[in-house]
Amino acid sequence: MINKAIQDSINVKTKLLSDEKLLQNIQKVVDAIVKTYQSPHGKVLFCGNGGSAADAQHLAAELSGRFYYDRPPLHADALHCDTSYLTAVANDYSYYEVYARLIRAKGNKNDVLIGLSTSGNSANVINALKTAKERGMFTVAMTGETGGEMKNHCDVLLNVPSKDTPRIQECHALIGHIICQLVESTLFPK
């Protein structure tokens, strides 16, 4: 069972490595984030649910803190981190609105929103992508193989070639780390 889990993970990563369109899309996301950070007050926002929320928070921390080396902080936020806000909006409006409402408060034209969902069908993340597009933000969907409904509401789709949730999440972390590494080294070359 252990060997199979490791081999399954390797197999999905091998598919990632040979997916030229996906690799090009990762570079498009890097370029968009770099452009955002080169503009005044540019920021990257992340959203997701469950494990995808954890991945969103992890990647925001890599950008706002540091990745490989000390450098100035970059403005990045995972939108689920304020539990008082999250529970109030979910209670007073609906869970569908929790990210969209915060994007209306924080998101500006040319900022980046990265929505994570292994299925690509998380209604609140879809609503966030739609709201971000209305605000002129650059939108990225990190999903599983099919892209789900999110593929219809993003500028760039990063769809991991798998239907297995744990393998997709492992690849989201890998892709996210690649993005953070390239953004950091482009903005702050050593």
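Lys-133 is partly exposed, at 38% relative accessibility, a class that lies between buried (under 20% relative accessible area) and exposed (over 50%), as computed with a 1.4 Å probe on protein chains only. Its partner in a salt bridge is Asp-155, with 2.5 Å between the closest N and O atoms; the term denotes a side-chain nitrogen of Lys or Arg within 4 Å of a carboxyl oxygen of Asp or Glu. The two residues stand 22 apart and connect distant parts of the chain, Lys-133 belonging to helix α6 (residues 123-134) and Asp-155 to the loop between β4 (138-143) and β5 (156-159). Helices (H or I, at least four residues) and strands (E, at least two) are DSSP runs, numbered from the N terminus. Asp-155 is likewise partly exposed, at 36% relative accessibility.

The model is predicted, so local features need pLDDT of at least 70 and side-chain atom pairs count only at pLDDT 80 or more, whereas totals for chains, interfaces and linings use all residues. Residues are numbered from 1 along each chain as its sequence is written, and side-chain values use heavy atoms, with hydrogens and water left out.

The structure contains 11 salt bridges. One of them joins Lys-43 to Asp-111, whose closest N and O atoms are 2.7 Å apart. This pair also links distant parts of the chain, 68 residues apart: Lys-43 is in the loop between α2 (20-38) and β1 (44-47), and Asp-111 is in the loop between α5 (98-106) and β3 (112-116). Lys-43 counts as buried because its relative accessibility is 6%, and Asp-111 counts as buried at 2%. The salt bridge between Asp-70 and Arg-66 has an N to O distance of 2.9 Å. Here Asp-70 is exposed, with a relative accessible area of 66%, while Arg-66 is partly exposed at 38%.

Helix α1 (residues 2-17) includes Ser-9, which is buried, with a relative accessible area of 11%. Beyond its neighbours within four places in sequence, Ser-9 is in contact (heavy atoms within 4.5 Å) with Arg-167 and Glu-170.

The largest nonpolar core comprises 34 residues, and Phe-46, Leu-158 and Val-183 have the most contacts inside it. Such a core is a set of buried Ala, Val, Leu, Ile, Met, Phe, Trp, Tyr and Cys residues joined through side-chain atoms within 4.5 Å. Another core, of 21 residues, lies apart from the largest one and includes Tyr-85, Val-98, Ile-126 and Ala-128. With neighbours within four places in sequence left aside, the contacts of Leu-158 include Leu-22, Ile-26, Val-29, Val-140, Met-142, His-172 and Ile-179.

Helix α5 has Val-98, Tyr-99, Ala-100, Leu-102 and Ile-103 as its buried residues. Among the elements that cover them are β1, α4 (83-92), β3 and α6. From α4, the residues Tyr-85, Leu-86, Val-89 and Ala-90 make the contact, and from α5, Val-98, Arg-101 and Leu-102. By class, this contact has 6 nonpolar, no polar and 1 charged residues, where Ala, Val, Leu, Ile, Met, Phe, Trp, Tyr, Cys and Pro count as nonpolar, Asp, Glu, Lys and Arg as charged, and the others, Gly among them, as polar.
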